[in-house]
Amino acid sequence: MIYVNTKTGAEIDCSSLIYGENWIRKDQVEEKTVEKKEEVVEEVVDEVIEEPKSKSYYKKDLEEMTNADLKDILDENMIDYKKDDTKAVLIKHILDALS
């Protein structure tokens, strides 16, 4: 039988049974490797994170908002604007960036 040391990866071909903390039969190593690969795949699937979708806006909705609301949207989406931009310019920045 072939035994593998799980700590070092060393292999021994021996007709006697080997007992030890780090020694297992080679066929058991292959089974455990398959099990570990399946576990890793399950973990990756469980950790899938959806990317946040940027909210889309319609010009009509934006025109009903105040300049402060428009600036909040620009700030939330890290869109540059000038403090003295008009409402029309703020709306244009939002539509250009998020549409």
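Trainee: How many of the residues in the chain are buried, and what makes a residue count as buried?

Mentor: Buried residues make up 15% of the 99 residues in the chain, where buried means under 20% relative accessible area, exposed means over 50%, and partly exposed lies in between, with a 1.4 Å probe and protein chains only. This is a predicted model, in which local features need pLDDT of at least 70 and side-chain atom pairs count only at pLDDT 80 or more, while totals for chains, interfaces and linings use all residues. Residues are numbered from 1 along each chain as its sequence is written, and side-chain values use heavy atoms, with hydrogens and water left out.

Trainee: Where does D13 lie, and which residues is D13 in contact with, leaving aside its neighbours within four places in sequence?

Mentor: D13 belongs to strand β2, residues 11-13, a strand being a DSSP run of E with at least two residues, and a helix a run of H or I with at least four, both numbered from the N terminus. Apart from those neighbours within four places in sequence, D13 is in contact with M1 and I2, contact meaning heavy atoms within 4.5 Å.

Trainee: What makes D75 count as buried, exposed or partly exposed?

Mentor: D75, which is found in helix α3, residues 67-76, has 44% relative accessibility and therefore counts as partly exposed.
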